[in-house]
Amino acid sequence: MLVAFALYCRLPFGRLHRSNPEVIKLAEAIGRSPSALAMKLTNIASLDPTITSSGRVGLRSASAADREMWQEMTADSANFAVECQTAILEAEGRYAEVATPAEDLPVGRFGEDKTVQATVRIGQSFFRDAVLGAYEERCCITGLSIPALLVASHIVPWRTDKGNRLNPKNGLALSALHDRAFDSGLITINDDLTVRVSKHHTHSEDVFFRAAIALYEGKPIRKPSKFGIGEEFLAYHREHIFLN
């Protein structure tokens with residue numbers, strides 16, 4: 001079930017089917033059929049309000065255990081994310097690759113030891129997978145779809161809200177440029193999910209800024225296909241980070 005929840009968080013809604021190579025590979029790794037794993041994924045989808053409110057539906061046979069795990073994910077996203085990602089990394093044989101710090105890795109900037117740093121890396125891996133999966137691996141502002149140029153950007157910064165560091169609702173899929181602009185307060189997102197550009201540079205003669213940033217003023221962002229966006233996180237960003 002942990003593998004299924006992790007895979008649900010990673011995959012776009014349209015890829016939750018038995019012929020998806022990722023589903024086939026993981027089903028084999030955990031000793032289940034691709035059909036059984038795909039069914040579990042669509043049962044989980046039926047619990048996601050963002051899925052059901054859009055008119056899409058999963059299978060309607062989610063178990064009590066599925067519902068309990070969905071509630072756990074909602075109530076304690078940080079611990080749940082680490083558990084899920086650990087399970088899927090072990091199934092894929094990638095746990096050591098992601099979780100084991102190098103022997104000469106220094107103590108983290110917040111004083112964490114290597115065990116804590118390993119947990120942080122697992123959580124960051126989950127957050128990136130979940131956010132990019134929710135936006136179907138496209139920048140929600142520009143539509144850029146090259147994974148190497150995409151960032152799972154926190155709306156409320158990592159350092160500010162420990163409880164929502166790994167909450168997919170606290171994430172946006174952005175190009176590396178727009179991630180930096182968002183973190184710097186040059187852009188934000190309105191309640192109606194349109195882009196707002198800070199007035200600080202709107203009169204700049206910089207041609208690239210106008211084409212890459214200012215051009216998106218008032219444009220709607222791409223909505224996530226899963227999880228939704230936390231309105232309270234966007235409100236925090238507008239109040240505390242945006243250069244208004």
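This is a predicted model: local features need pLDDT of at least 70, side-chain atom pairs count only at pLDDT 80 or more; totals for chains, interfaces and linings use all residues.
Buried residues make up 47% of the 244 residues in this protein, where buried means under 20% relative accessible area with a 1.4 Å probe, protein chains only. Residues are numbered from 1 along each chain as its sequence is written, and side-chain values use heavy atoms, with hydrogens and water left out.

The accessible surface is about 12500 Å², by the Shrake-Rupley method with a 1.4 Å probe. Carbon and sulfur atoms hold 53% of that surface.

Next, overall size. A compact globule of 244 residues would have a radius of gyration near 18 Å, and the 19 Å of this protein agrees with that. The radius is taken over C-alpha atoms, and the globule rule is 2.2 Å times the number of residues to the power 0.38.

The protein has eleven helices and four strands, taken as DSSP runs: H or I of at least four residues for helices, E of at least two for strands.

H1, residues 2-10, packs on H6, residues 77-92, at about 100 degrees, with the axes 8 Å apart. Axes are lines fitted to C-alpha atoms over the stretch in contact, and angles run from 0 to 180 degrees between N-to-C directions. The two helices are therefore roughly perpendicular, a label for 65 to 115 degrees.

Contact means heavy atoms within 4.5 Å. On the H1 side, the residues include Phe5 and Arg10, and on the H6 side, Phe80 and Glu83.

Key. Angles under 35 degrees count as roughly parallel, over 145 as roughly antiparallel, 65 to 115 as roughly perpendicular and the rest as oblique. Buried means under 20% relative accessible area, exposed over 50%, partly exposed in between (1.4 Å probe, protein chains only).
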